[in-house]
Amino acid sequence: MTTALDRAGIPPAEVGLLSMVSSTGYCAPGIDTRLARGIGMPADVQRVWVGHMGCFAAIPGLMVCSDFVRCRDQPAVLLNIELSSLHVQPPPYDISQVVVSVLFGDAATATVIEPGAGTGPGLEIVDIRAATDIEHEDYMTWEIGESGFRMGLSPQVPNALACAVPGATHALLAPHGLETTDVHWWAVHPGGKRIIDAAQECLALDSDAVAVSRTVLDAYGNCSSAGVIQVMNALQDTTPLPVGQYGVAIAFGPGLTVYSALLRGA
C-alpha cells in the first residue's frame, strides 16, 4: 500500500478513506485497522469493508472510493486482500474442493483514487454498472460448512456469462454513446481460461485484447477480487490508456453477477 501511495505522491496522513475488499478470512480488529495505523494514516481515516462479494468485488470497491473522492475531495485507497489458501479443506479430501483450491491464488493489491488529475498516466472512473442473473445464482456459491468455507462452482458458469456479458456491456457503454469498437483496452477478470474465452467470444474481441488477462492468470491463478486490479495494473504498466481513450474493466462473481467499469485515460 505504501508503494501505491508513493507512486501517487500522496502521504498516508492525507488519505480520507481506506476501503478494504476481501472474500477470504475474518478477523477483528480488521487488517485495514492495523495497516492504517502501521503506515501512518490518521486516526480519523474513514474505513469501509466490502466483504464476501466474490471475484467482482474490486469494482464496487472502486465505486465506493470514487464516490467518496467526488463528494469529499480527499484521496481514497482501495485495498484488495485475498488469501484463498486459508480455506483449503482438511482431509478427508473432497475432489470438488481440491479443484477449487487449485484454481485460486493469494494476492494483495492497492489502488489510489484521488480528486482531479494525478501525476503520470492514470485512469478516470467514468461509470460503473452491475447486472445480476438471479436465475443462475446457484452456479457459484460460497458457504460455511463444518470444516470452513466450501465453494460451489458449476461448469456452466462460462456459458451463463457468455449470455449475460454482452447486455451488461451495452448497458455500460450505450449511455455514453459508445460501442465495443470504441474501447481501447479491456481488463477482463482472469477467472479461468474458459471465463476469458467466453468474454472474448461474446464481445467479439481479438486475442490481443485479452492477452494480459491470460498472462495474469498463468502467473497468479484466479486471485478473486484482486484479479481484475492485477490486469488493470499490468495494462497500465505496459500499454497505458491514452488520454481521452476508453477502457473497460469487467469482472464476474456470485449472483451470478457481472460488474463493469468504464474508464478513460487521464
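Helix axes are lines fitted to C-alpha atoms over the stretch in contact, and angles run from 0 to 180 degrees between N-to-C directions. Helices (H or I, at least four residues) and strands (E, at least two) are DSSP runs, numbered from the N terminus. The model is predicted: local features need pLDDT of at least 70, side-chain atom pairs count only at pLDDT 80 or more, and totals for chains, interfaces and linings use all residues. Residues are numbered from 1 along each chain as its sequence is written, and side-chain values use heavy atoms, with hydrogens and water left out.

Helix α6 (residues 193-202) packs against helix α7 (residues 211-220) at an angle of about 175 degrees. Their axes are 10 Å apart. The two helices are therefore roughly antiparallel (angle over 145 degrees). Contact means heavy atoms within 4.5 Å. On the α6 side, K193, I196, D197 and Q200 take part; they meet S213, R214 and L217 of α7. By class, two of these residues are nonpolar, two polar and three charged. Here Ala, Val, Leu, Ile, Met, Phe, Trp, Tyr, Cys and Pro count as nonpolar, Asp, Glu, Lys and Arg as charged, and the others, Gly among them, as polar.

Strand β9 (residues 246-253) is largely enclosed by the rest of the structure, because eight of its eight residues are buried. Buried means under 20% relative accessible area, exposed over 50%, and partly exposed in between (1.4 Å probe, protein chains only). Y246, V248, I250 and F252 point one way from β9, and G247, A249, A251 and G253 point the other way. Strands pair if DSSP finds at least two bridges between them. Five bridges join β9 to strand β8 (residues 183-188), and these strands run parallel. Eight bridges join β9 to strand β10 (residues 257-265), and this pair runs antiparallel. Y246 is the bridge partner of V183 and also of R264 in β10. Three residues separate β9 and β10 in a hairpin, where G255 in the turn has a positive phi of about 145 degrees.

A nonpolar core is a set of buried Ala, Val, Leu, Ile, Met, Phe, Trp, Tyr and Cys residues joined through side-chain atoms within 4.5 Å. The largest has 31 residues, and L161, W186, V248 and F252 have the most contacts inside it. Two or more residues come from each of α5 (157-173), β8, α6, β9 and β10. The largest share, seven residues, comes from α5. Beyond four places in sequence, V248 touches L172, L173, V183, W185, W186, A187, A261 and L262.

D73 lies in the loop between α3 (58-72) and β3 (76-82). This residue counts as exposed, at 58% relative accessibility.

Key. Angles under 35 degrees count as roughly parallel, over 145 as roughly antiparallel, 65 to 115 as roughly perpendicular and the rest as oblique.
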